[in-house]
Amino acid sequence: MKKILVVLTNTIKYLGTQQATGLWLGEATEFVDEVTKAGFSVDYVSPKGGFVPLDPRSFKYTDKSTMDIYSSSDFQQRALTNSLKPEEINPKDYQAIYYTGGHGVMWDFPTNQKLQKITNEIYQQGGFVTSVCHGIAGLLNIKDDSGNYLIAGKKITGFTTAEEILAGKRKVVPFLNEDVAKLHGANFQKKRAYKEFAIQDGQLITGQNPFSARAVAKKLIMAKNKSHQS
């Protein structure tokens with residue numbers, strides 16, 4: 001059993017605006033491309049289940065592998081049309097969970113207790129908790145059984161305040177990932193804006209921005225291979 005749970009957003013627009021947002025396509029497809037090549041299978045879940053919208057801006061950054069996955073009936077059906085609901089998930093089936101980004105996640109990831117419970121269970125059974133870019137929003141509020149934040153004392157990364165300003169969305173987002181991560185005790189790491197950067201701290205693997213999805217996948221694959229050897 002080599003299965004990874006990929007978490008996607010249901011948010012269609014920036015709250016309080018008519019601007020479209022949703023999943024940043026490459027953050028799902030590039031990760032899925034790497035892990036499936038390494039022999040993993042994936043399932044897709046979203047806070048509500050069902051339809052997953054795409055951030056139109058993410059189409060500027062597609063490559064052949066992204067378009068191949070996007071064109072596949074498997075991705076269209078299981079990720080974009082009929083994503084699973086949290087209550088359909090058995091955490092025991094998964095070796096890792098991966099939170100994708102796109103600005104939409106800022107509204108439906110942070111307070112979803114069902115996803116937090118799934119993540120906690122995967123973590124407690126020795127699985128990996130991973131994210132890229134805005135996907136870090138899904139990890140910010142998770143607490144362990146002792147009531148401590150999962151990210152407290154851990155080196156993590158995610159979409160930075162500088163990147164949010166460059167994206168022109170600082171005033172639109174409900175909070176800044178970097179600020180909340182630090183508030184909850186994380187050791188927030190970052191590199192230059194929009195440069196590939198991923199970091200592992202134990203069972204947590206996080207990537208800074210849309211260009212870090214493959215780096216997160218590769219660190220996860222390496223970590224899984226190491227755990228099999230030990």
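Student: Which side chain does the side chain of T66 make a polar contact with?
Tutor: In this predicted model, the partner is the side chain of T29, at 2.8 Å.

Student: Where is T66 found?
Tutor: T66 belongs to helix α2, which covers residues 64-71.

Student: Is T66 buried or exposed?
Tutor: T66 is buried, since its relative accessible area is 0% and the cut-off for buried is under 20%.

Student: Leaving aside neighbours within four places in sequence, what is T66 in contact with?
Tutor: Apart from those neighbours, T66 is in contact with L25, G26, T29 and E30. T29 is also the residue whose side chain makes the polar contact with that of T66.

Student: Changing topic, which residues does UniProt list for the domain?
Tutor: The UniProt record, an unreviewed entry, gives residues 27-221 for "domain: DJ-1/PfpI".

Student: And how far apart do the end C-alpha atoms of residues 27-221 lie?
Tutor: They lie 16 Å apart.

Student: Now N120: which helix does it lie in?
Tutor: N120 lies in helix α5, formed by residues 113-124.

Student: What does N120 count as, buried or exposed?
Tutor: N120 counts as buried because its relative accessibility is 11%, and buried means under 20%.

Student: What is N120 in contact with, leaving aside neighbours within four places in sequence?
Tutor: With those neighbours set aside, N120 has contacts with I142, K143 and D144.

Student: What separation is there between the C-alpha atoms of N120 and E164?
Tutor: The two C-alpha atoms are separated by 28 Å, and the residues are 44 apart along the chain.

Technical notes. Residues are numbered from 1 along each chain as its sequence is written. This is a predicted model: local features need pLDDT of at least 70, side-chain atom pairs count only at pLDDT 80 or more; totals for chains, interfaces and linings use all residues. Side-chain values use heavy atoms; hydrogens and water are left out. Helices (H or I, at least four residues) and strands (E, at least two) are DSSP runs, numbered from the N terminus. Buried means under 20% relative accessible area, exposed over 50%, partly exposed in between (1.4 Å probe, protein chains only). A polar contact is a pair of N or O atoms within 3.5 Å; within protein, one must be able to donate a hydrogen and the other to accept it, and residues adjacent in sequence count only if both atoms are side-chain atoms. Contact means heavy atoms within 4.5 Å. UniProt positions are given in the numbering used here, feature names are shortened, and annotations may be inferred rather than shown by experiment.
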